[in-house]
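Student: Could we go through this structure together? I would like to start with single residues and then move on to the whole protein.

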Amino acid sequence: MLPLLDTSEIMAYTGTRKSTIERVARCYKLTGKPCKESQSGNSGRTRMMDLEDIEYMHGHLSRSCDMYLDELRDEISQARGKHLSLSTIWRTLHHTGYSRKKVSVLTLQLL
């Protein structure tokens, strides 16, 4: 069996705080696992847009990439029956890689 390290040695190796190491050790003593089971997927608010909504939005933007957010919101509302805020649409676009960069004149000429 390997020798156990004290808290200061674990802090030096991992770069974590003392309170984190103590919390993990306490959880391990109680449950036999280093940390509590995460409740991923069960915590927080449910998502307003599912994968099909996001795919619809991306498909619509690929056909018409110069839409305003309110126009996109109206299209999603009519086609998918979801009433979304502008911030929800913008955050979803941002999380999926869209940005507010403008297309340069040279790029437009190449198209």
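Student: Is His60 buried or exposed in this model?

Tutor: This is a predicted model, and in it His60 counts as buried because its relative accessibility is 12%, where buried means under 20%.

Student: Which element holds His60, and what does His60 touch?

Tutor: His60 is found in helix 3. Not counting residues up to four places away in sequence, His60 touches Met67, Leu72 and Glu75.

Student: Which residues make up the largest nonpolar core?

Tutor: The core has 10 residues in all: Met49, Ile54, Met57, Leu61, Met67, Leu72, Ile76, Leu84, Ile89 and Leu93.

Student: Let us pick one core member. Where is Ile89 found, and why does Ile89 count as buried?

Tutor: Ile89 is found in helix 5. Ile89 counts as buried because its relative accessibility is 0%.

Student: What does Ile89 touch, leaving out residues up to four places away in sequence?

Tutor: Ile89 touches Met57, Leu69, Leu72, Arg73, Ile76 and Leu84.

Student: And Leu84, what is that one in contact with?

Tutor: Leaving aside neighbours within four places in sequence, Leu84 is in contact with Met48, Met49, Arg73, Ile76 and Ile89.

Student: Met48 is in that list. What separates the C-alpha atoms of Met48 and Ile89?

Tutor: Those C-alpha atoms are separated by 9.7 Å, and the two residues are 41 residues apart along the chain.

Student: Changing topic: where is Lys82 found?

Tutor: Lys82 is found in the loop between helix 4 and helix 5. Lys82 has a relative accessible area of 25%, so it counts as partly exposed; that class lies between the 20% limit for buried and the 50% limit for exposed.

Student: What is Lys82 in contact with, leaving aside neighbours within four places in sequence?

Tutor: The contacts of Lys82 are Met48, Met49, Asp50, Asp53, Ile76 and Ser77. For Lys82 and Met48, which are 34 residues apart along the chain, the C-alpha atoms are separated by 8.1 Å.

Student: Now the whole protein, please. How many helices and strands are there?

Tutor: The protein has six helices and zero strands. From the N terminus on, the elements run α-α-α-α-α-α.

Student: How many of the contacts join residues at least 24 apart?

Tutor: Among contacts between residues at least 6 apart in sequence, the share is 37%.

Student: One last topic: how much space lies in the second largest pocket, and which residues lie nearest its centre?

Tutor: About 400 Å³ of space lies in that pocket. Its lining has 12 residues, and Leu4, Leu5, Ile10, Ala25 and Tyr28 lie nearest the centre.

Student: Which elements give two or more residues to that lining?

Tutor: They are helix 1 (7-14) and helix 2 (18-31). Helix 2 gives the most, with five residues.

Student: And what classes of residue does the lining have?

Tutor: The lining of the second largest pocket has nine nonpolar, one polar and two charged residues.

Notes: Residues numbered from 1 in each chain as written. Predicted model: local features only at pLDDT ≥ 70, side-chain atom pairs only at ≥ 80, totals over all residues. Heavy atoms only, no water. Core = buried A, V, L, I, M, F, W, Y, C linked by side-chain atoms within 4.5 Å. Buried < 20%, exposed > 50% of the residue type's maximum accessible area, 1.4 Å probe, protein only. Contact = heavy atoms within 4.5 Å. Helix = DSSP H or I, 4+ residues; strand = E, 2+ residues; numbered from the N terminus. 1 Å grid on protein atoms, 1.4 Å probe; cavity = no way out; pocket = protein on both sides within 12 Å on 5 of 7 lines; lining within 4 Å. Points joined across faces, edges and corners; volume = space filled by probe spheres on them. Nonpolar A, V, L, I, M, F, W, Y, C, P; charged D, E, K, R; others polar.
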